[in-house]
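Me: Please take a close look at one part of this protein for me. I would like to understand its aromatic rings and what surrounds them.

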Amino acid sequence: MATPRIRTEIQVMFFDTDCAGVVHNIAYLRFIEVARTLLGQQIGMGLDDMSRTKEYPVVVRTEIDYQRPATLGDTLIVDGWLDSFSQAKFWCAFELRRRGDDTLLVKSRQSLALVRMPEGRPVRLPAVWRDEYSELATVGR
């Protein structure tokens, strides 16, 4: 099966920027959060799924490289994909580009664990991932 991927557009708003019209570093994490939520729909972790199962992906680590600034009024193209996984964690990767000139602004990766609430207990990732996304599995490589 193909690697789960999403693409979405986000308009940079005034509240995303500082007084010079440059996007705050924390705003990029919100843009990534939007993309990760949309990606979750594809990998069985949509909002309805999480509400039903009480299992939630929890960010364990974020790596982010700021390469160029986005500015007020920019439209950003955010690409996200499932990058790799083990039994208990998975990595999603993201790239943010400016629409129009396709400038790479940000590269990011996040590691997540699946946690059952309200107990707060980690759970294994779905067994079906081994078949559907076998090329992304890191166990046994």
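Reply: By a distance rule between ring centres, the count comes to five aromatic pairs. Keep in mind that this is a predicted model.

Start with Tyr28 and Phe31. Their rings form an edge-to-face pair, 6.0 Å centre to centre, with 85° between the planes. Both residues lie in helix 1. They are three residues apart, about one turn of the helix. Both Tyr28 and Phe31 are buried.

Now move to Phe85 and Trp129. This aromatic pair is edge-to-face too, at 5.5 Å centre to centre and 85° between the planes. Here the pair links distant parts of the chain. Phe85 sits in strand 3, while Trp129 belongs to helix 3, residues 128–132. The two are 44 residues apart. Both Phe85 and Trp129 are buried.

That pair is part of a group. Phe85, Phe90, Trp129 and Tyr133 form one aromatic cluster. Look at Trp129 in its surroundings. Leaving out residues up to four places away in sequence, Trp129 touches Ile43, Met45, Leu82, Phe85, Phe90 and Ser134.

In soluble globular proteins, nonpolar side chains tend to be buried together. The largest nonpolar core in this model has 31 residues. Those with the most contacts inside it are Phe31, Phe85, Phe90, Leu96 and Trp129. Several elements build this core. Strand 1 (5–11), helix 1 (25–42), strand 3 (75–85), strand 4 (89–98) and strand 5 (104–116) each supply at least two residues. Helix 1 gives the largest share, six residues.

Asp16 is found in the loop between strand 1 and helix 1. Is Asp16 buried or exposed? Its relative accessible area is 2%. The cut-off for buried is under 20%, so Asp16 counts as buried. Again leaving out residues up to four places away in sequence, Asp16 touches Gln11, Val22, Val23, His24, Ala27, Arg30 and Phe31.

One more ring deserves a look. Arg109 lies over the face of Trp91, at 3.8 Å from the ring centre.

Find Tyr28, its edge-to-face partner. Then go to Phe85 in strand 3 and across to Trp129 in helix 3.

How values were computed:
Residues are numbered from 1 along each chain as its sequence is written. This is a predicted model: local features need pLDDT of at least 70, side-chain atom pairs count only at pLDDT 80 or more; totals for chains, interfaces and linings use all residues. Side-chain values use heavy atoms; hydrogens and water are left out. A nonpolar core is a set of buried Ala, Val, Leu, Ile, Met, Phe, Trp, Tyr and Cys residues joined through side-chain atoms within 4.5 Å. Buried means under 20% relative accessible area, exposed over 50%, partly exposed in between (1.4 Å probe, protein chains only). Helices (H or I, at least four residues) and strands (E, at least two) are DSSP runs, numbered from the N terminus. Contact means heavy atoms within 4.5 Å. Rings of Phe, Tyr and Trp (its six-membered ring) pair if their centres lie within 6.5 Å; planes under 30 degrees apart count as stacked, over 60 as edge-to-face and the rest as tilted. A charge sits over a ring if NZ of Lys or CZ of Arg is within 6 Å of the ring centre and within 35 degrees of the ring normal.
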